[in-house]
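The following paragraphs lead from a few local sites to the fold as a whole. Please keep the sequence and the model in view while reading.

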Amino acid sequence: MVKAKICGISTPETMQAALDAGARWVGLVFFPKSPRNVSIATAAELSRMVGTGTRVVGLFVDPGDDLLDDVTGQVPLDLIQLHGGETPDRVAAIRARFNLPVMKALKIGDAGDLDAATAYEPVVDMLLFDAKPPKGAILPGGNGVAFDWSLLAGRVWRKPWMLSGGLDPANVAGAIRATGAMAVDVSSGVEEAPGRKSPDLIRAFLAQVAATGE
């Protein structure tokens, strides 16, 4: 059964929609440049809504230890997502220091970009394959663009992986079929405007994901 992550949640209404509709992961963004950024206080409130069946993911971009200390000290994260230029050594250090599972996002534009996964597999718990940002983009992810999903077809990784980049309710089923993904991640594809999630789109996305297992 394919599982889904709704990333960039920032309100109780959208958190509840994700939980009620069966999201396996809910993502909270700690990156000030993102329209989905939340304060630590807001993140703590939102995380208190989450039951045992859903995992809370904290998304960071090249974070310092001070930020990670502040967030993990106040927000009960189940997984740290690193979405910047973190090296394998830095990923390993974060994983060891904070004693939490880590997922590393890799930005994919062509087949050669997948080679980076080999260096990260020994130091992560999950990989996330996202589209390479357009030139000039401020955000490392959440730009609503997809990469060529056929690049992943037939590939086997030593760690679990998640598909991201340009997914929405209309294309997620096709993306799952094309890649064989067992986990998918959406952010801008369930928004009415940048940073403003739609409960209806969240429910539609999760319904499409659930239907792939029927």
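A residue is called buried under 20% relative accessible area, exposed over 50% and partly exposed in between, with a 1.4 Å probe and protein chains only. The model is a predicted one, in which local features need pLDDT of at least 70 and side-chain atom pairs count only at pLDDT 80 or more, while totals for chains, interfaces and linings use all residues. Residues are numbered from 1 along each chain as its sequence is written, and side-chain values use heavy atoms, with hydrogens and water left out.

With a relative accessible area of 32%, Leu-67 is partly exposed, and its place is in helix α3. Helices (H or I, at least four residues) and strands (E, at least two) are DSSP runs, numbered from the N terminus. Contact means heavy atoms within 4.5 Å; not counting residues up to four places away in sequence, Leu-67 touches Phe-30 and Phe-60. Phe-30 lies 37 residues from Leu-67 along the chain, and their C-alpha atoms are separated by 8.8 Å.

Leaving aside residues up to four places away in sequence, Gln-81 touches Phe-60 together with Lys-5, Val-57, Gly-58, Leu-59, Met-103 and Leu-128. Is Gln-81 buried or exposed? Its relative accessible area is 0%, so Gln-81 is buried.

The loops deserve attention next. Arg-36 lies in the loop between β2 (25-29) and α2 (40-47), and it is buried because its relative accessible area is 5%. The C-alpha atoms of Arg-36 and Gly-195 are separated by 4.6 Å, although the two residues are 159 residues apart along the chain.

Most residues other than glycine have a negative phi. Asp-62, however, has a positive phi near 45°; it sits in the loop between β3 (55-60) and α3 (65-74) and counts as partly exposed at 48% relative accessibility. Asn-99 has a positive phi near 55° and lies in the loop between α4 (88-98) and β5 (102-108). With a relative accessible area of 68%, Asn-99 is exposed.

These sites belong to a protein with seven helices and 10 strands. Its radius of gyration is 16 Å, close to the 17 Å that the globule rule gives for 214 residues, so the protein is as compact as a globular protein of that length. The radius is taken over C-alpha atoms, and the rule is 2.2 Å times the number of residues to the power 0.38. Along the principal axes, the C-alpha atoms fill a box of roughly 40 × 40 × 35 Å. Buried residues make up 51% of the 214 residues. Of the contacts with a separation of 6 or more, 55% are between residues 24 or more positions apart.
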